[in-house]
Amino acid sequence: MRLRQPSSIEPSRELIDRDHPRDKAGLIALLRTGNAAQRRRAAIDLADYPDSAAMMGAQLANEADPEVREALFVSLSDLHSESAATALLPLLRNEDDQLRSGAVKALAGMPRAVAPCINTLLRDNDPDVRVFTIHLLGDLRHDQVPRWLLQVLNDEASVSGVTAAVEVLAQLGQPEHIPTLQAVRRRFADDPFLAFAIDVAIQRIGAA
């Protein structure tokens, strides 16, 4: 009978467990020093340790492997905690588009944890953070989303922020939101693209 040769590509789970205990400290060590497959497995297992959220968020900012990043995002999202949201929010300022998009997706899965931060994010000095927050609202299952979008339409000064809010409201808006959209159209009458986006939003809401 031909014997199966062990793979030399990746250490077995048993060897990994022996070299790095599967407790919190061992998983953190593996996440920081292991190869990509080991880091991914550690990221998945750390979901069992809610107090590791800050460390996982810090690792995300330095992690280059897409699969490890995804595992970290999933684990943080599964926590549904304020500490997980706090760990993810700084990524909205990261220059890496994939990290920002991943953070938005993960945050959208924890509406109760992220809701207390929304007002602050919508008033952030960085217009990009405000725009990413508006994109987050499009996926956030929270009953205050329409109110937050109307707040943006009333208070936001940047065209990019207002346009993002109009695009989201086009999907979620109700007929009572049309007067606010019309007022925004008058306020930005010299911007043809925004005017067109508002007209489309009003048409979609009216036809719903």
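Which backbone oxygen does the side chain of Ser52 reach, and at what distance?

Analyst: The side chain of Ser52 reaches the backbone oxygen of Tyr49, at 2.6 Å. That's a polar contact, meaning a pair of N or O atoms within 3.5 Å, where within protein one must be able to donate a hydrogen and the other to accept it, and residues adjacent in sequence count only if both atoms are side-chain atoms.

Some ground rules: this is a predicted model, where local features need pLDDT of at least 70 and side-chain atom pairs count only at pLDDT 80 or more, while totals for chains, interfaces and linings use all residues. Side-chain values use heavy atoms, with hydrogens and water left out, and residues are numbered from 1 along each chain as its sequence is written.

As for where Ser52 sits, look in the loop between α3 (36–45) and α4 (53–62). Helices here are DSSP runs of H or I with at least four residues, numbered from the N terminus. Ser52 counts as buried because its relative accessibility is 1%; buried means under 20% relative accessible area, using a 1.4 Å probe and protein chains only. Setting aside residues up to four places away in sequence, Ser52 touches Lys24 and Leu46, with contact meaning heavy atoms within 4.5 Å.

Zooming out, the protein chain has 14 helices and 0 strands. Buried residues make up 46% of its 208 residues, and Ser52 is one of the buried ones. Among contacts in the chain between residues at least 6 apart in sequence, 58% join residues at least 24 apart.

Definitions and conventions
Helices (H or I, at least four residues) and strands (E, at least two) are DSSP runs, numbered from the N terminus. Buried means under 20% relative accessible area, exposed over 50%, partly exposed in between (1.4 Å probe, protein chains only).
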